[in-house]
Amino acid sequence: MTVNGKTVDAEVPDRTLLVHLLRDVVGLTATNVGCDTTSCGACTVLLDGQSVKSCTVLAAQADGHQVTTVEGLANGDGEMHPVQRAFHAEHGLQCGFCTPGMVMAAVSLLAENPRPTEEQVRTGLEGNLCRCTGYHNIVRAVLAAAEGGDSQ
Amino acid sequence: MSILGTRVVRIEDPRLLTAGGTYVDDLRVPQLTGAARVTFVRSHHGHALIKGVDASAALAAPGVIAVLTYQDINDIPPPPPPPEGGPPPGSEAAPLPMGGVWQEPLLAVDRVRFVGEPVAMVLTDDSYQGEDAAELVSVDYEPLPAIVEPADALAGQTLLFPDAGSNVVVAHPAGDGAFDGCDVVVGRDIVNQRVAPVPMEGRAAAAMWVDGRLTVWVSTQNAQISRFVMAGAFGVDPDAIRVVAPDVGGGFGAKVAIDRDAILVAWAARHTGRALRWVETRSENLVGMTHGRAQQHSIKIGGTRDGRVLAYRLDVVQDTGAYPRMSGFLPTLTNLMAVGPYDIAHVEVGYRVVVTNTTPIAAYRGAGRPEATAAIERAMDLFARAIGMDPAEVRRRNLVPSDRFPYQTPCGAHYDSGDYVGALDKVLAGSGYAGLRAEQARRRERGDAVQLGIGVASYVEITAADADNGETARVVINGDGTATVYTGSSPHGQGHYTAWSMLVQSDLGIPMDKVTVLHGDTDQIPLATGTYASRSLQLGGVAVHKADLEVKEQARRLAADMMEASEADLELDIDRGRWHVRGDPGSARTWAEVASHAGREGLAAAVHFTEAQPTFPFGSHVAVAEVDTETGKVTLVRHVTVDDAGIVVNPVLTEGQRHGGIAQGAAQALLEEMVYDADGNPLTGTLADYAAITATELPSFELLESETPTPINPLGVKGIGEAGTIGATPAVQNAVIDAVSHLGVRHIDMPTTPARVWAAIKEARNSQ
Amino acid sequence: MIPAPFTYQRAGSVDEALSLAAQGGEDAKFLAGGHSLLPLMKLRLAVPEVLVDIGRLSELSYVREDNGHIAVGALTTHHDLANSSLLGGELPLLAHAAGQVGDPQIRHRGTIGGSLVHSDPAGDLPAVILVLDATLVARGPSGSREIPAGEFFEGLFETALAPGELLTEIRIPRPAQAGWSFQKFTKRAIDWAIVGAAVQGDQVALVHMGSTPLRASAVEQALAGGAAPAEAAARAADGTSPPEDINADREYREHLARVLVARGLAEARSRA
């Protein structure tokens, strides 16, 4: 598979979850595990551009596909992606644990709906739990990133 | 123009957003290379004797290094007896391996008392093997009757601790209260339900002993206290222990000091000589991390028909779970804050603490104060309803007036500063209260299926309750003119790096991007208290400020010496970060030059700052809820707040704390509850069942500004971290009940789930 | 958190999938999107020894008109169903319901086939398929067969599929009446339905009122007999056996069923 544009070849036990492949084999530890019932969304990455919960995808299922994690969002010059910039500007993170998954969910949301209403943002993030922010500034961040117009 | 009070985005964020934080499970330090994984075997019975543990199948499983039980814990001192009279008042008691009749063993010995209690530890090469092997450990349980309801605990037919002779750990029950002379008296038994903190990062710890020295990386709110706890637990000198708090993914009070299971990880690391790492699963977290709240309240309020409250009584039964880790600490705080922001002549408070076969209770965002506020705010609404007065008006008539501060309450609290009526008026104006009542009236008139409820709550809360523990700060100006701050505060999302950098820039004119803030490593900062009880800014921040001022005076002396001028003529140009002789800008010296002039002692100051007393932020919330009276479904449509925590250093950070607090407060009112069946099995043991609040259940919040300084510290700041939670829960609960009060509903216990709301509507209709 | 060990096999064709499943026997399960199966496996409530991954059988992912009915491939994701303009025009009930399943991440992976075969009584799509009088097409070692929706859901997490049989297509006739409504009652938006009602014209099916999705036959009969919707809706709980759990007892579920059916019928008529 490719992860953030780079080819990854690995041999892992069949039951290896994609999130553990990313964290422990590829070494990208930004994506976190927050639950064990596919509820919290902290593990959200993009699989062929669509948000998925990587704790509920086998590494084997992602074989041959493209995975994008939050580490792969900034451009080559280290400039943050518009969604990352918006989270920063709007104080859309506090402890940061839910943030990588939240950002990837937001990127996917905006890819499918570039001009969401507040309600659509809230519904679009229903699969992502945050305990610190109360979601208020996360929603503002996604709306700001959308308005910026360059949310791709 | 000082940077204080201006909106500054966080320095912490770029790293967190692009590379992710480094939480315990992310650590890739050399000491942990090849670290084995710890998986706990936990009880799945609420109450049972242990007849035996058979690890033979587990030991034969792939990758298993060891299976450890209580019998292996032969190399640490026995726990000390509990302190006489319980933990010292005002201290957040950390979970300790305590001795005495309520003793909680580190690993279960002959019985288990809650689902989730650790029985054994399995050490494996990787976590997948750990989960496989843990399943193979066979524990022979003989179930015992379980106690889940506090009423059953009080009845005492089954004793969790036979040697104690009772399930009541501490008892200071309330007297009757003085209700003579009241025209109207209303009483009710209400519940402040058990909730789970659910930080997004659960508990986690890694440990390594090298040459008799222990290094522990742990997801904690205070590394320094954790170090002393472990020194006591292992019977070693604190110098033999280094504790590091890496990035911490939320705490909310449940990560104060070091968790018992993390102590076990450190112990097992020494016992086996292996570096170890433990990262709990969410299911483990929901039963293994301490829960919050779990109080039952008997409330009684009485007063005159024109709205003057004369007497209030609050009697608390605190369910402390299977082990009384915090003794009477939480209900003591509840009793201390029972009267809230009101001027009530007669207040009677009391509490009892009982054990039950459930997860132990400890601090959770607010730690005893949300309970106090929820109780009196329900009482105020019940009283208002009984006398037919608007609930906001009743509050206004009883709030402590602004000219009465500092104010000593009948509960023993000393409120420093406040403008309670101002906060209420501001939130009523800001929410358009009159218009909301008019809309409510229209819907009632029409008999709409969807009714509108307006909930009001006024609160005061105690922050830095352990003011006399204080906080430490050391500020160093480096030879290159940058500054390093060593803070005893321990951020887990609050933004201390940004705030403390702002303080340095404001005090010394060293730009924020030239300030490094270090925290959480006991090798760098051996003495500190840590972050909980909303204490960081008023203690840790003020300590930084005071250290800045000491550094500034040292620098003045150095600069005077360099420029051969008198100290009185030296000025610091804060905007440009330059020292110069007054009237001679050309004489300017940079911080780098001044620091370099300091020679070997360097330019630094260390402060341990304590406050004379805690501070008391306050506020008022208005929640607007819609209730579908046909289904009971509740929608929170607006939430407007005034949360006054004194001077605001960075509105961005303060707002963030308020938002997060409001969300958790609303969550308790609307959705969240840890539920057990009669055998002590949790029915909400995963995030699929425990209804943690999501973005779809919350509106955007409307925050109004109010800054009433405190005289207690030089920055005039109080604590904001828990205030939002304290005000939000009762406002939302009151809103839901208000929405259906015209149908005869007087009370609905939290969480106000659709089933509960519908049942209340049905019962009210049936009784009319 | 981690499934018990299993052997992963990948099928390149439907025939290969059937053959691998036949070899695995009782211990083999098909893996499509994995969002019904993997959560169970992670809690070790399901411990298949062999997983046959059919996720790459793109020939089973489609929404098309076929001989006067709408044919939906079993591997079509909820996301694709919700965004299908053909479904939006012809079967808006299905498109809408698919858009309510779980959350966006789940909808990117979960498939209609996976949901139907999982047969969770709290699931949304089984009730929708039932109310739309769909036919389910299954392929097994001995060939293809068609199973009417009314015979497909046999019990709690049980369907009429034989071991080793693969659901390949769902065939849905064009509805006789255009009005539709999907009433999903939850505590939080992300939750499974406490109770749900799927309405297409005068046909009504219920979510979470028994161990399988149920047609609200008493309601349908009342409507056929000329009753007004509100009157008919009063019969919504007839013949149901709703479960009791922390979210609702029997009485509350029965009440919700009546309310949701009334609202569903009213909304369907407003769309007719």
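## Two helices of chain A

H3(A) passes H6(A) in a right-handed crossing, a term for the near helix being turned clockwise from the far one by less than a right angle. Helices here are DSSP runs (H or I, at least four residues), numbered from the N terminus. This is a predicted model, in which local features need pLDDT of at least 70 and side-chain atom pairs count only at pLDDT 80 or more, while totals for chains, interfaces and linings use all residues. Residues are numbered from 1 along each chain as its sequence is written, with chains lettered from A and ligands numbered from 1 in the order in which they are written.

H3 (residues 82–89) and H6 (residues 136–148) of chain A pack at an angle of about 135°, their axes 8 Å apart; axes are lines fitted to C-alpha atoms over the stretch in contact, and angles run from 0 to 180 degrees between N-to-C directions.

## Where chain A touches chain B

In chain A, 42 residues are in contact with 42 residues of chain B. On the chain A side, H3, H4 (99–112), H5 (118–124) and H6 each supply at least two residues, and the largest share, four residues, comes from H3(A).

## Domains of chain C

For chain C, the domain assignment, which is automatic or from a database, gives domain 1 (7–53), domain 2 (58–173) and domain 3 (180–271). The C-alpha centres of domain 1 and domain 3 of chain C lie 34 Å apart.

Definitions and conventions:
Contact = placed C-beta atoms within 7 Å.
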